[in-house]
Amino acid sequence: MSQVTDDEPHGAVPETRPALPADKPGDATAALLTHRPTLERQTEILLGALPSMNAYQVADQLGVSAARVLQFWRALGFAGVPANAAVFAPSDVAALRSALALVSELGLSEDALRALVRGAAHSADRLAVWQLEALVADAEQRFGLDDVSARLVVIDTVGETIAPLEQLVTHAWRRHLLSLLDRTERSVAHLGNQTPGDALPLERAIGFCDLVAYTSRTLSWGRPTWPSSSSPSRTGRGTR
C-alpha cells in the first residue's frame, strides 16, 4: 500500500519524523492567510476547513506512509511539498481514503489508481480555469469592469457559486459516464461482426490533430468575443 513509485517526490521522505516547532502544525498556513481574509474564506468554503495537517499526520490517520500521502498530492498535479508542511485539510484525508479504497476494497491495480487520479486532476484543472474565465467575463459584462477588477470581484464572490457549480459538474460527469457506457455496450454488442484478431474491436479515439488551433481557441471561450458560426474561421495553423 505504501510502495514508493516514480511519482514519489524527489528525495527520500525521512523515516524518523523531524521535531515539530512549538507552534501548532497549522500555524504556518494560518499565518500565510492572515493578510488574505478573502482567500481564507474561500478556502474554508472549498475545503471545509483551513489546512492544518502535514503528511505524517495524514499518514497516521490512514495507516500509510508519508511518502504515499505526498505521492497522492503530486498525482493531483500540485508542486511537491516537504512532508512536515501543513498543507492538508480533513477533506484531503477523505479524498485519499476513498482513492485507496479503490485498491484495498475493489482490487484495482496501482497503475489504474494512478491513471484515475491523474485523469481527475487534469480534468479538474482545466475545468477550474474554464469556470473562472467564464465568471470573470460575466463580471466584466454585467458590471462594466476591466479585467483586473472583474477578477477581484470573482475572487470575492466565487464562494456563492460553489454549490450549484459542484452539482452541475457532478451531474454532467454522471450523464457523460452513462452516455459512454451506453455507447460501449452498443459497440460490444456488435463484436460478433468483427473479424477475429482485430487489434481494435471497439470504437475508440486514436489521436487529435489540432488543425484549427482548437486548444488555444477554447481557452478564450467564455470571453466577450465568441467564434462566429456563420462564417469560416481562419488561423495561422489551418482553416475551417
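**Exercise 1. Find the angle between helix H2 and helix H7 and classify it.**

Step 1. In this predicted model, helix H2 covers residues 37-47 and helix H7 covers residues 147-157. Helices are DSSP runs of H or I with at least four residues, strands are runs of E with at least two, and both are numbered from the N terminus.

Step 2. The two axes come within 8 Å and cross at roughly 45°. Axes are lines fitted to C-alpha atoms, for helices over the stretch in contact, and angles run from 0 to 180 degrees between N-to-C directions.

Step 3. Angles under 35 degrees count as roughly parallel, over 145 as roughly antiparallel, 65 to 115 as roughly perpendicular and the rest as oblique. H2 and H7 are therefore oblique to each other.

Step 4. On the H2 side, Thr 38, Arg 41 and Gln 42 meet Ile 155, Asp 156 and Thr 157 of H7. A contact means heavy atoms within 4.5 Å.

**Conventions.** Residue numbers start from 1 along each chain as its sequence is written, and side-chain values use heavy atoms, with hydrogens and water left out. Because the model is predicted, local features need pLDDT of at least 70 and side-chain atom pairs count only at pLDDT 80 or more, while totals for chains, interfaces and linings use all residues.

**Exercise 2. Describe the salt bridge between Arg 151 and Glu 133, and the network around it.**

Step 1. A salt bridge is a side-chain nitrogen of Lys or Arg within 4 Å of a carboxyl oxygen of Asp or Glu. The N to O distance between Arg 151 and Glu 133 is 3.0 Å.

Step 2. Arg 151 lies in helix H7 and Glu 133 in helix H6, 18 residues apart, and the pair links distant parts of the chain.

Step 3. Arg 151 is partly exposed at a relative accessible area of 26%, whereas Glu 133 is buried at 15%. Buried means under 20% relative accessible area, exposed over 50%, and partly exposed in between (1.4 Å probe, protein chains only).

Step 4. A network of salt bridges links Glu 133, Asp 147 and Arg 151. The structure holds eight salt bridges.

**Exercise 3. Compare the surroundings of the two partners in the salt bridge Asp 111 to Arg 114.**

Step 1. The closest N and O atoms of Asp 111 and Arg 114 are 2.4 Å apart.

Step 2. Both residues lie in helix H6 (residues 110-143), three residues apart, which is about one turn of the helix.

Step 3. Asp 111 is exposed, with a relative accessible area of 54%. Arg 114 is buried, with 14%.

Step 4. Another salt bridge joins Asp 125 and Arg 126, where the closest N and O atoms are 3.4 Å apart. Here Asp 125 is partly exposed at 42% relative accessibility, and Arg 126 is partly exposed at 35%.

**Exercise 4. Decide whether helix H4 is largely enclosed or open, and list what packs against it.**

Step 1. Nine of the ten residues of H4 (residues 66-75) are buried, so the helix is largely enclosed by the rest of the structure.

Step 2. The buried residues include Arg 68, Gln 71, Phe 72 and Trp 73. The buried residues of H4 pack against helix H3 (55-62), helix H5 (90-104) and H6.

Step 3. Tyr 56 is found in helix H3 and is buried, with a relative accessible area of 7%. The C-alpha atoms of Tyr 56 and Ala 67 are separated by 8.8 Å, with the two residues eleven apart along the chain.

Step 4. Just after H4, Gly 77 takes a positive phi of about 100°.

**Exercise 5. Summarise the chain and its surface.**

Step 1. The chain has nine helices and two strands, in the order α-α-α-α-α-α-α-α-α-β-β from the N terminus.

Step 2. Of its 240 residues, 26% count as buried. Among contacts with a separation of 6 or more, 63% come from residues 24 or more positions apart.

Step 3. The chain exposes about 16,200 Å², with carbon and sulfur atoms supplying 59%. Accessible areas come from the Shrake-Rupley method with a 1.4 Å probe; for residues, only the protein chains shown count as cover.
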